[in-house]
Amino acid sequence: MAILEIKKFNDPVLRKRCESVKKIDRDIKKFVVDIAQTMKKNKGNGLAAPQVGVLKRIIVVQADLENQHILGLINPIILETSRKKKKNIEGCLSFPGIFLKIKRATKIEVEGLDIRGKKIKLEAKGLLARVFQHEIDHLDGILFFKRLNFLQKIKFKLKYPSIY
Ligand code: CO
């Protein structure tokens, strides 16, 4: 196990698109354990591979807040999103100290592979649905402030001109 370094703010790796995982080998399995440990250590609700400098489509999420169950998902895709959306405060381990009100679907359906390569499909709502959307965005280099509305974006750019 290893705690990985989290890439922050202007790191270009955060703005790139990740590649699909072709084969879940030992290195991938080890990586999922490491990124899960890294998320836990940093008290995050989720973490995506590019945030530790790896351009692969892998995320980990805190799937169960009470039981501390961490779910690793490989090549995740969102199959469905609810039409209903809600604004709520979001943070990101790559942007410590920045909290933004982001509108996200309240319910989603996600599909992906677990570390054994088994296909899993699950429904998430509320905070968990939000975390999935945030982390899967990371895999396409989409950072949370890109989801702000037009006016919020202008304010954000003025406040953090070097980040946007
Ligand atoms: Co993030």
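How many aromatic pairs does the structure hold? In this predicted model, the structure holds eight. Ring pairs join F9, F95, F144, F145, F156, Y160 and Y164 into a cluster.

Take F156 as the way in. A pair of aromatic rings is described by the distance of the centres and the angle of the planes. F156 pairs with Y160 at 5.0 Å centre to centre, with 45° between the planes. That pair is tilted. F156 also pairs with Y164. Here the centres are 6.3 Å apart and the planes stand at 65°, so the pair is edge-to-face. The cut-off for edge-to-face is over 60 degrees.

F156 has 4% relative accessibility, so F156 counts as buried. The limit for buried is under 20%. Y160 has a relative accessible area of 22% and is therefore partly exposed. Y164, at 28%, is partly exposed too.

Turn next to the charge on the surface. Which residues gather in a patch of positive charge there? They are K85, K87, K101, K103 and K155. Two strands each supply at least two residues of this patch: strand 4, spanning 85–90, and strand 5, spanning 100–105.

K87 lies in strand 4 and belongs to the positive patch. Is K87 buried, partly exposed or exposed? Its relative accessibility is 41%, so K87 counts as partly exposed. A patch residue needs over 30% relative accessible area.

Terms used:
Residues are numbered from 1 along each chain as its sequence is written. This is a predicted model: local features need pLDDT of at least 70, side-chain atom pairs count only at pLDDT 80 or more; totals for chains, interfaces and linings use all residues. Side-chain values use heavy atoms; hydrogens and water are left out. Patches are made of residues with over 30% relative accessible area and no salt bridge: like charges are joined within 9 Å, nonpolar side chains (Val, Leu, Ile, Met, Phe, Trp, Tyr) within 5 Å. Accessible areas come from the Shrake-Rupley method with a 1.4 Å probe; for residues, only the protein chains shown count as cover. A salt bridge is a side-chain nitrogen of Lys or Arg within 4 Å of a carboxyl oxygen of Asp or Glu. Lys and Arg count as positive and Asp and Glu as negative; His and the chain ends are not counted. The place of a charge is taken as NZ of Lys, CZ of Arg, CG of Asp or CD of Glu. Helices (H or I, at least four residues) and strands (E, at least two) are DSSP runs, numbered from the N terminus. Buried means under 20% relative accessible area, exposed over 50%, partly exposed in between (1.4 Å probe, protein chains only). Rings of Phe, Tyr and Trp (its six-membered ring) pair if their centres lie within 6.5 Å; planes under 30 degrees apart count as stacked, over 60 as edge-to-face and the rest as tilted.
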